[in-house]
Amino acid sequence: MLHYFPDPYKNETLYSVLARFQYYSANPSMEQTLRDLFDDPTVSSSLFIPTKLNTLVQKLPPNKEYSLENLVYNHTLYPLSHSFFDEASKEKFWLDLSSQKRPYSNTSVQGQELMYCPVCAKMDYENHGEAFFRREHQIKGFTFCCDHYCELLHYPISRNVISGRSYIRFDYDLIHQDSNNSILDFQFEKNLLNIGHSIKYLLNNQISQNDWNNKIQYHLWLIGLTTINGSIKQFELSVAFKEFYTEKNIRLSGFEF
Ligand SMILES: [Zn+2]
């Protein structure tokens, strides 16, 4: 049983919570921290979902009312994948997680480096006395804060230079705190910001794969991109997609087609 565990901030990544635990616990070694958290010094510091998360949940202090579901839905990017899973895949995901296996999941939504918005970080530091990594800033290919219309920045410490079993805590003193240069032209980037709001919606709402398919089908039908029998007009969709999102934004997202 842990005697201390930091309360996650709203939308803080689980990785960031564990990094704060490591910092505040002042353990002499990372192995000790991993033993404390997972009873296993070999668990790697995944940005997505650590293996043995169920062990951690069972070790949380009794006054902490965090369940496996609560941590995964509110502090990881799992909800982005969830909307595209069929029921069997969802069931397997939760079964793996509760039986301590590394859960199968679509980790392609997760970026590999830690990102932050300088304005959010400043606000967090002023409100809480510390900054933390927000999950909506860790999405692969989406490097904008849609609350402040600014580009996200790479945290100065790369995950490539630390051990796979260490966590990087958000140290506010290490970042460049002048954010004025990165404000975007709202009109120019409005489509990107629309994507950001959709991402936030997906993160905070549980949508089934069926609902999602029906919504897409309905909206494509509204704009004439389905045939009379419901098939998607692939070529026309590709042209409309590029026109709407612009080549630049598609390239920035790291996708090609
Ligand atoms: Zn922000």
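Modeller: Helices (H or I, at least four residues) and strands (E, at least two) are DSSP runs, numbered from the N terminus. By that rule the protein chain has eleven helices and four strands. This is a predicted model, where local features need pLDDT of at least 70 and side-chain atom pairs count only at pLDDT 80 or more, while totals for chains, interfaces and linings use all residues. Residues are numbered from 1 along each chain as its sequence is written.

Biologist: Thanks! What makes the protein chain as compact as a globular protein of that length?

Modeller: The globule rule is 2.2 Å times the number of residues to the power 0.38, and the radius of gyration is taken over C-alpha atoms. For 257 residues the rule gives 18 Å, and the chain's radius of gyration of 20 Å is close to that, so it counts as that compact.

Biologist: Which residues of helix 2 are called buried?

Modeller: A residue is buried if 20 or more other C-beta atoms lie within 10 Å of its own, exposed if 12 or fewer, and partly exposed in between, with C-beta atoms placed from the backbone. In helix 2 (residues 30-38), Thr-33, Leu-34, Leu-37 and Phe-38 are buried.

Biologist: Why are they said to be on the same side of helix 2?

Modeller: The arc is that of the directions from the helix axis to the C-beta atoms. Theirs covers only 100°, which puts them on the same side.

Biologist: And what do the buried residues of helix 2 pack against?

Modeller: Helix 1 (14-25) and helix 3 (53-59), where contact means C-beta atoms, placed from the backbone, within 7 Å.

Conventions:
Contact = placed C-beta atoms within 7 Å.
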